[in-house]
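The structure is shown below for reference.

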Amino acid sequence: MQRYFIHPDEFADAVVTITGDDAHHLIRVMRAKPGDTCIVSDGVSREALVRIRSLEDRQVTADIVDRLPMENEAAVDVWIAQSLPKGDKMELVIQKGTEIGAVRFLPFVSERTVVQLDGKKEGKRLERWQKIAKEAAEQAHRNRVPAVESVLSWKELLQTASEADAAWICYEKQDAQQLRRAIREAVSKSSNRADGSRVKLMLIVGPEGGFGEREVSEAEAAGCVAVGLGKRILRTETAAMVGLTCILYETGEMGGEQ
(Lines give C-alpha, C1' and ligand atoms only; values in the text may rest on other atoms or scores of the structure.)
Protein backbone atom coordinates (compact mmCIF):
# COMPACT_ATOMS: atom_id res chain seq x y z
CA MET A 1 0.00 0.00 0.00
CA GLN A 2 1.26 3.47 -0.88
CA ARG A 3 2.80 5.41 2.00
CA TYR A 4 3.32 9.18 2.39
CA PHE A 5 5.08 11.39 4.91
CA ILE A 6 3.26 14.61 5.79
CA HIS A 7 4.06 17.57 8.01
CA PRO A 8 2.88 17.10 11.64
CA ASP A 9 0.62 20.15 11.25
CA GLU A 10 -1.27 18.31 8.49
CA PHE A 11 -2.00 15.37 10.79
CA ALA A 12 -5.12 16.14 12.89
CA ASP A 13 -7.04 13.89 15.28
CA ALA A 14 -9.44 12.53 12.67
CA VAL A 15 -8.36 14.00 9.33
CA VAL A 16 -5.10 14.37 7.43
CA THR A 17 -4.17 16.65 4.55
CA ILE A 18 -1.75 15.56 1.84
CA THR A 19 -0.28 18.39 -0.21
CA GLY A 20 2.49 19.22 -2.70
CA ASP A 21 4.25 16.49 -4.66
CA ASP A 22 2.58 13.72 -2.67
CA ALA A 23 -0.87 15.01 -3.54
CA HIS A 24 0.21 15.30 -7.17
CA HIS A 25 1.44 11.70 -7.06
CA LEU A 26 -1.86 10.48 -5.64
CA ILE A 27 -3.97 12.45 -8.11
CA ARG A 28 -1.95 12.25 -11.34
CA VAL A 29 0.15 9.09 -10.97
CA MET A 30 -1.90 6.78 -8.77
CA ARG A 31 -5.21 8.08 -10.20
CA ALA A 32 -6.68 7.90 -6.69
CA LYS A 33 -10.34 8.55 -6.09
CA PRO A 34 -12.57 9.06 -3.02
CA GLY A 35 -12.77 5.87 -1.01
CA ASP A 36 -9.22 4.73 -1.81
CA THR A 37 -6.87 4.11 1.10
CA CYS A 38 -3.19 4.78 1.82
CA ILE A 39 -0.87 5.12 4.80
CA VAL A 40 0.37 8.45 6.12
CA SER A 41 2.96 9.24 8.77
CA ASP A 42 4.16 12.45 10.38
CA GLY A 43 7.64 10.91 10.68
CA VAL A 44 7.67 11.47 14.43
CA SER A 45 5.04 9.64 16.44
CA ARG A 46 1.86 9.18 14.38
CA GLU A 47 1.01 6.84 11.54
CA ALA A 48 -2.41 5.87 10.21
CA LEU A 49 -4.41 4.11 7.55
CA VAL A 50 -6.57 6.75 5.89
CA ARG A 51 -9.45 6.80 3.42
CA ILE A 52 -9.55 9.58 0.84
CA ARG A 53 -12.47 11.96 1.23
CA SER A 54 -11.74 14.52 -1.50
CA LEU A 55 -9.10 15.40 -4.10
CA GLU A 56 -8.40 18.93 -5.26
CA ASP A 57 -5.55 20.60 -7.10
CA ARG A 58 -2.40 19.42 -5.21
CA GLN A 59 -4.37 18.73 -2.04
CA VAL A 60 -5.95 15.51 -0.79
CA THR A 61 -8.11 15.28 2.33
CA ALA A 62 -8.51 11.89 4.01
CA ASP A 63 -10.20 10.48 7.10
CA ILE A 64 -8.23 8.41 9.60
CA VAL A 65 -9.50 4.82 9.58
CA ASP A 66 -7.01 3.21 11.95
CA ARG A 67 -3.96 4.24 13.96
CA LEU A 68 -0.94 2.08 13.13
CA PRO A 69 2.01 1.11 15.35
CA MET A 70 5.36 2.66 14.45
CA GLU A 71 7.60 -0.39 14.67
CA ASN A 72 9.61 -0.44 11.44
CA GLU A 73 12.67 1.38 12.78
CA ALA A 74 15.91 -0.20 13.99
CA ALA A 75 16.63 -0.37 17.73
CA VAL A 76 19.67 1.91 17.32
CA ASP A 77 20.22 5.15 15.40
CA VAL A 78 22.96 4.76 12.78
CA TRP A 79 24.51 7.82 11.18
CA ILE A 80 26.36 7.46 7.87
CA ALA A 81 29.12 10.04 7.48
CA GLN A 82 30.12 9.83 3.82
CA SER A 83 33.01 11.69 2.22
CA LEU A 84 31.61 13.15 -1.00
CA PRO A 85 32.05 10.59 -3.80
CA LYS A 86 32.13 11.33 -7.51
CA GLY A 87 29.09 11.48 -9.77
CA ASP A 88 25.74 10.49 -8.33
CA LYS A 89 27.12 7.97 -5.84
CA MET A 90 26.00 10.09 -2.88
CA GLU A 91 22.43 9.71 -4.09
CA LEU A 92 22.91 5.93 -4.12
CA VAL A 93 24.33 5.97 -0.58
CA ILE A 94 21.32 7.97 0.66
CA GLN A 95 18.76 5.89 -1.20
CA LYS A 96 20.09 2.46 -0.21
CA GLY A 97 21.17 3.58 3.23
CA THR A 98 17.64 4.79 3.88
CA GLU A 99 16.18 1.48 2.71
CA ILE A 100 18.53 -0.46 5.01
CA GLY A 101 17.81 1.72 8.05
CA ALA A 102 20.16 4.70 8.53
CA VAL A 103 18.62 7.69 10.33
CA ARG A 104 21.10 10.43 9.46
CA PHE A 105 23.48 11.21 6.58
CA LEU A 106 26.46 13.50 7.05
CA PRO A 107 28.27 14.28 3.77
CA PHE A 108 31.71 15.77 4.30
CA VAL A 109 34.92 16.77 2.56
CA SER A 110 38.18 15.02 3.42
CA GLU A 111 41.74 15.19 2.17
CA ARG A 112 41.25 12.95 -0.88
CA THR A 113 37.77 14.16 -1.84
CA VAL A 114 37.89 15.08 -5.53
CA VAL A 115 34.41 16.60 -5.86
CA GLN A 116 34.50 20.36 -6.36
CA LEU A 117 31.90 22.12 -4.22
CA ASP A 118 29.71 24.75 -5.84
CA GLY A 119 28.08 27.03 -3.28
CA LYS A 120 25.43 28.13 -5.77
CA LYS A 121 24.26 24.56 -6.33
CA GLU A 122 24.57 23.33 -2.75
CA GLY A 123 21.00 24.24 -1.78
CA LYS A 124 19.48 22.43 -4.76
CA ARG A 125 21.72 19.41 -4.21
CA LEU A 126 20.72 19.16 -0.55
CA GLU A 127 17.06 19.50 -1.50
CA ARG A 128 17.46 16.64 -3.99
CA TRP A 129 19.21 14.44 -1.40
CA GLN A 130 16.41 15.07 1.09
CA LYS A 131 13.80 14.19 -1.54
CA ILE A 132 15.63 10.95 -2.31
CA ALA A 133 15.66 10.07 1.40
CA LYS A 134 11.92 10.77 1.70
CA GLU A 135 11.01 8.69 -1.35
CA ALA A 136 13.23 5.81 -0.23
CA ALA A 137 11.71 5.92 3.26
CA GLU A 138 8.23 5.73 1.76
CA GLN A 139 9.20 2.83 -0.50
CA ALA A 140 10.82 0.93 2.38
CA HIS A 141 7.88 1.58 4.73
CA ARG A 142 10.04 3.44 7.20
CA ASN A 143 8.38 5.27 10.09
CA ARG A 144 10.67 8.27 9.76
CA VAL A 145 12.61 10.09 7.07
CA PRO A 146 16.37 10.19 7.67
CA ALA A 147 17.97 13.59 8.09
CA VAL A 148 20.40 14.67 5.36
CA GLU A 149 22.77 17.38 6.56
CA SER A 150 24.66 20.07 4.66
CA VAL A 151 28.22 19.20 3.63
CA LEU A 152 30.66 19.40 6.54
CA SER A 153 34.39 20.03 6.65
CA TRP A 154 36.63 17.34 8.14
CA LYS A 155 37.00 19.37 11.32
CA GLU A 156 33.24 19.87 11.61
CA LEU A 157 32.66 16.16 11.10
CA LEU A 158 34.99 15.21 13.95
CA GLN A 159 33.21 17.69 16.19
CA THR A 160 29.88 16.11 15.26
CA ALA A 161 31.27 12.66 16.06
CA SER A 162 31.32 13.65 19.73
CA GLU A 163 27.50 13.73 19.65
CA ALA A 164 27.38 9.98 18.98
CA ASP A 165 27.70 7.26 21.62
CA ALA A 166 30.29 5.61 19.40
CA ALA A 167 31.95 6.61 16.12
CA TRP A 168 33.92 4.33 13.80
CA ILE A 169 36.10 5.25 10.86
CA CYS A 170 36.45 2.68 8.07
CA TYR A 171 40.12 1.93 7.40
CA GLU A 172 41.34 -0.90 5.20
CA LYS A 173 44.36 -1.63 7.42
CA GLN A 174 42.15 -2.65 10.34
CA ASP A 175 40.92 -6.13 11.24
CA ALA A 176 37.25 -6.69 10.37
CA GLN A 177 36.68 -8.29 13.76
CA GLN A 178 37.31 -4.90 15.35
CA LEU A 179 33.94 -3.65 14.08
CA ARG A 180 32.07 -6.55 15.70
CA ARG A 181 33.82 -5.99 19.02
CA ALA A 182 33.28 -2.23 18.83
CA ILE A 183 29.55 -2.58 18.08
CA ARG A 184 28.95 -4.99 20.92
CA GLU A 185 30.93 -2.87 23.36
CA ALA A 186 29.10 0.34 22.39
CA VAL A 187 25.65 -1.22 22.61
CA SER A 188 26.48 -2.90 25.92
CA LYS A 189 27.64 0.36 27.47
CA SER A 190 24.70 2.36 26.15
CA SER A 191 21.83 -0.07 26.75
CA ASN A 192 19.33 0.16 29.59
CA ARG A 193 19.67 3.92 29.97
CA ALA A 194 17.59 5.52 32.66
CA ASP A 195 16.27 8.19 30.25
CA GLY A 196 15.33 5.62 27.59
CA SER A 197 17.22 7.50 24.85
CA ARG A 198 18.34 5.65 21.73
CA VAL A 199 21.92 4.58 21.08
CA LYS A 200 23.58 6.74 18.41
CA LEU A 201 26.29 5.10 16.28
CA MET A 202 28.29 6.86 13.57
CA LEU A 203 30.08 5.14 10.67
CA ILE A 204 32.59 7.31 8.80
CA VAL A 205 33.36 6.29 5.21
CA GLY A 206 36.13 7.80 3.11
CA PRO A 207 36.18 8.87 -0.57
CA GLU A 208 37.38 6.81 -3.53
CA GLY A 209 41.01 7.19 -2.41
CA GLY A 210 40.29 6.28 1.20
CA PHE A 211 41.65 8.05 4.28
CA GLY A 212 45.23 9.08 4.86
CA GLU A 213 47.06 7.98 8.02
CA ARG A 214 46.94 11.54 9.37
CA GLU A 215 43.16 11.63 9.09
CA VAL A 216 42.80 8.30 10.85
CA SER A 217 45.04 9.56 13.66
CA GLU A 218 42.98 12.75 13.95
CA ALA A 219 39.78 10.73 14.05
CA GLU A 220 41.16 8.48 16.78
CA ALA A 221 42.28 11.51 18.76
CA ALA A 222 38.67 12.77 18.51
CA GLY A 223 37.39 9.53 20.04
CA CYS A 224 36.65 7.49 16.89
CA VAL A 225 37.71 3.86 16.53
CA ALA A 226 39.26 2.59 13.29
CA VAL A 227 37.53 -0.54 11.93
CA GLY A 228 37.82 -2.77 8.88
CA LEU A 229 35.12 -4.19 6.63
CA GLY A 230 36.85 -7.36 5.47
CA LYS A 231 39.85 -8.37 3.38
CA ARG A 232 38.55 -6.94 0.12
CA ILE A 233 38.76 -3.30 -0.96
CA LEU A 234 35.25 -1.91 -1.33
CA ARG A 235 34.02 1.00 -3.39
CA THR A 236 33.08 3.94 -1.20
CA GLU A 237 29.34 3.57 -1.85
CA THR A 238 29.57 -0.18 -1.15
CA ALA A 239 31.44 0.37 2.12
CA ALA A 240 28.62 2.53 3.50
CA MET A 241 26.02 -0.15 2.80
CA VAL A 242 28.16 -3.02 4.10
CA GLY A 243 29.08 -1.19 7.29
CA LEU A 244 25.47 -0.18 7.96
CA THR A 245 24.27 -3.74 7.42
CA CYS A 246 26.95 -5.11 9.75
CA ILE A 247 25.89 -2.71 12.50
CA LEU A 248 22.21 -3.56 12.19
CA TYR A 249 22.96 -7.28 12.09
CA GLU A 250 25.13 -7.15 15.21
CA THR A 251 22.47 -5.17 17.07
CA GLY A 252 19.82 -7.80 16.33
CA GLU A 253 17.97 -5.98 13.56
CA MET A 254 18.69 -8.66 10.96
CA GLY A 255 18.88 -11.78 13.07
CA GLY A 256 22.24 -11.29 14.74
CA GLU A 257 22.78 -11.86 18.43
CA GLN A 258 22.29 -8.80 20.63
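## Serine 83 in its strand

Serine 83 lies in strand β6; strands (E, at least two residues) and helices (H or I, at least four) are DSSP runs numbered from the N terminus. The model is predicted, so local features need pLDDT of at least 70 and side-chain atom pairs count only at pLDDT 80 or more, while totals for chains, interfaces and linings use all residues. Residues are numbered from 1 along each chain as its sequence is written, and side-chain values use heavy atoms, with hydrogens and water left out.

Because its relative accessibility is 0%, serine 83 counts as buried (under 20% relative accessible area; exposed is over 50%, partly exposed in between, with a 1.4 Å probe and protein chains only).

## Contacts of serine 83

The side chain of serine 83 forms polar contacts with the side chains of serine 110, at 2.8 Å, and threonine 113, at 2.7 Å. A polar contact is a pair of N or O atoms within 3.5 Å; within protein, one must be able to donate a hydrogen and the other to accept it, and residues adjacent in sequence count only if both atoms are side-chain atoms.

Leaving aside residues up to four places away in sequence, serine 83 touches Phe108, Ser110, Thr113, Val205, Gly206 and Pro207 (heavy atoms within 4.5 Å).

## Helix α2

The buried residues of α2 are Lys89, Met90, Val93, Ile94, Gly97 and Thr98. Viewed down the helix axis, they fall within an arc of 165 degrees and therefore line one face of α2; the arc is that of the directions from the axis to the C-beta atoms. Among the elements covering them are β6 (77–83) and α3 (119–139).

After α2 comes glycine 101, with a positive phi near 140 degrees.
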